[in-house]
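I opened my notebook to record what I looked up in this structure. The entries follow in the order in which I made them.

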Amino acid sequence: MRLLRRLPPQLRFAGVGVVNTALDVGIFWLLHGPLGITLANLVSTSAGMTFSFVVNGLFTFDAARLTLRHALLFVATTGATMWVIQPLVIHALLWVVDPVIVAKVLAIGCSLVVNFAAYRFVVWPRRAAEPDAGA
């Protein structure tokens with residue numbers, strides 16, 4: 001585990017993202033038929049968000065502990081991305097790609113960039129006294 005902690009946060013985020021994406025896509029795939037795209041996306045991204053909050057907070061961004069403030073900022077930033085932007089991107093992509101799972105995976109890619117920036121600069125910002133892990 002110490003070796004993994006030496007990796008830059010971008011690589012840790014990517015690793016967490018692989019697991020998180022598998023969880024999200026798997027749940028979405030199981031539920032999109034019976035629940036529809038929007039509700040299936042809400043359920044799958046909520047499961048992924050819970051996993052992501054805990055693992056990214058403690059592992060990727062080295063939070064000493066997870067606080068209510070972290071949780072509220074995380075839900076606000078991730079919720080905006082996953083519950084508003086991502087379904088819109090999926091529906092837009094369905095005009096040019098098929099099947100729906102391809103649109104879902106592409107929408108996750110868009111969310112990846114937005115979420116890393118939000119987590120690094122809003123949810124778990126580095127304090128001035130902390131050294132940059134990438135330096």
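Entry 1, terms and source. I take buried to mean under 20% relative accessible area, exposed over 50%, and partly exposed in between (1.4 Å probe, protein chains only). Helices (H or I, at least four residues) are DSSP runs, numbered from the N terminus. I note that this is a predicted model, in which local features need pLDDT of at least 70 and side-chain atom pairs count only at pLDDT 80 or more, while totals for chains, interfaces and linings use all residues. Residues are numbered from 1 along each chain as its sequence is written, and side-chain values use heavy atoms, with hydrogens and water left out.

Which residues of helix 2 are buried? I listed Pro9, Arg12, Phe13, Val16, Gly17, Asn20, Asp24, Val25 and Phe28. An α-helix has 3.6 residues a turn, so residues three or four places apart point the same way. The buried residues of helix 2 pack against helix 1 (2-5), helix 3 (37-60), helix 4 (68-93) and helix 5. At Trp29 I found that helix 2 bends by about 30 degrees (the angle between axes fitted to the seven residues ending there and the seven starting there). Just after helix 2, Gly36 has a positive phi of about 90 degrees.

Is Asn20 buried or exposed? Asn20, in helix 2, is buried because its relative accessible area is 13%. Not counting residues up to four places away in sequence, Asn20 touches Gly48, Met49, Phe51 and Ser52 (contact means heavy atoms within 4.5 Å). Ala40 lies in helix 3 and counts as buried at 0% relative accessibility. Leaving aside neighbours within four places in sequence, Ala40 is in contact with Phe28, Leu31, His32 and Leu35.

Helix 2 (residues 9-35) and helix 5 (residues 100-123) pack at about 145 degrees, with axes 10 Å apart.

Technical notes. Axes fitted to C-alpha atoms, helices over the stretch in contact; angles between N-to-C directions. Helix = DSSP H or I, 4+ residues; strand = E, 2+ residues; numbered from the N terminus.
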